[in-house]
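User: I am new to this structure and would like to learn how its features are read. Could you take me through them in turn, with the general idea before each case?

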Amino acid sequence: TCGPASLLMVFNYFEPGRYWPEQLEIDIWREATTIFMTSGHGGCGPRGLALASYNRGYEACLYLNQEGPLFLDTVRSEAKKLVLQRVYQSDQAKIEAAGIALTITEPDLALVKSLLHQGYILLVLISTWQFDHSKATHWVVVCAIDDYFVYINDPDIADIPWLSNNERQYIPISHRVFTQAFAYGKVRLKAIVAIKKPKTA
C-alpha cells in the first residue's frame, strides 16, 4: 500500500539497500494497518507508520490536526468503528510508551519547510482529488520544498505508467495545489510523519 511503499522510500534514502522491499512492505502494512477503511482493506494510519519507523531504529515524530481515532467517518458499520477505535487505543499506548512526539497542530507549508530543514523526510497524507478526481486517502513522500513547489515521490505508479522510475521522483507540485491536496475527507484531516536516522556516536 502507499504508506509502507512511501516508508520504504524514506528508509532507502537514509540507508540505501538495507531493506528488502518485497517482504518488508507487507510486514509494515501488517504493523500499521487500520484494519478497515472505506469498502476495502484498511490503509495505514500515521501512528502505525511512526511506530514502524521507530521499531527499525529511526527517529519519528507526528503532527496531526485531530486527536482521537482517525478515519471513523470512512466506515458505516458500528463494529468496524469499534475496531478502528481499538487500533487507535493500541497504537496511542505504544506511541506514548516509545516517547514518540505527537503534536496536535494545523500542519502547513511552513511546518513542512521547517522539518525538511531539520533533516527529516516526510510522509504526508493527502487527498488525490486534485490529481485524479478520486477522493482516496494517499500517503506520499515529501522530500524538498522551494519558493514555488513542493517535491514529492509518489508510490502510486498505476496512474503514471509512462513515467520512468527517475521521473516518479521529485515531482513538483505547486504550493497552491499541494495546499489544496494536503487534507483528507470532510473532516479535513492533516497528518505528517517526520522521519530521520538518529546520529550515531
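User: How much space lies in the largest pocket?

Analyst: As a general idea, rolling a probe the size of a water molecule over the atoms shows where empty space is left. In this predicted model, the largest pocket holds about 720 Å³ of space. Its lining is made up of 27 residues, and Ala5, Leu8, Met9, Asn12 and Asn153 are the closest to the centre of the pocket.

User: Which elements give two or more residues to the lining of the largest pocket?

Analyst: They are helix 1 (2-14), helix 2 (21-32) and strand 6 (137-145). Helix 1 gives the most, with seven residues. Sorted by class, the lining of this pocket has 16 nonpolar, six polar and five charged residues.

User: At what angle do helix 1 and helix 3 pack?

Analyst: In general, two packed helices are described by the angle between their axes and the distance between the axes. Here, helix 1 and helix 3 (residues 46-54) pack at about 35°, and their axes are 11 Å apart. The crossing of these two helices is right-handed.

User: Which residues in helix 1 and helix 3 meet?

Analyst: From helix 1, Gly3, Pro4, Leu7 and Phe11 meet Leu49, Ala52 and Ser53 in helix 3. The residues of this contact comprise five nonpolar, two polar and no charged.

User: How many aromatic pairs does the count come to, and how is such a pair read?

Analyst: A pair of aromatic rings is described by the distance of the centres and the angle of the planes. The count comes to seven aromatic pairs in this model. One of them joins phenylalanine 11 and tyrosine 58, with 4.5 Å from centre to centre and 15° between the planes, and this pair is stacked. The pair links distant parts of the chain: phenylalanine 11 lies in helix 1, and tyrosine 58 lies in the loop between helix 3 and strand 3 (59-64), 47 residues apart.

Notes: Residues are numbered from 1 along each chain as its sequence is written. This is a predicted model: local features need pLDDT of at least 70, side-chain atom pairs count only at pLDDT 80 or more; totals for chains, interfaces and linings use all residues. Side-chain values use heavy atoms; hydrogens and water are left out. On a 1 Å grid over the protein atoms alone, a cavity is a set of points where a 1.4 Å probe fits but cannot get out, and a pocket is an open set with protein on both sides within 12 Å along at least five of seven lines; lining residues have an atom within 4 Å of a point. Grid points are joined across faces, edges and corners, and a volume is the space filled by probe spheres set on the points. Helices (H or I, at least four residues) and strands (E, at least two) are DSSP runs, numbered from the N terminus. Ala, Val, Leu, Ile, Met, Phe, Trp, Tyr, Cys and Pro count as nonpolar, Asp, Glu, Lys and Arg as charged, and the others, Gly among them, as polar. Axes are lines fitted to C-alpha atoms, for helices over the stretch in contact, and angles run from 0 to 180 degrees between N-to-C directions. A crossing is left-handed if the near helix is turned anticlockwise from the far one by less than a right angle, and right-handed if clockwise. Contact means heavy atoms within 4.5 Å. Rings of Phe, Tyr and Trp (its six-membered ring) pair if their centres lie within 6.5 Å; planes under 30 degrees apart count as stacked, over 60 as edge-to-face and the rest as tilted.
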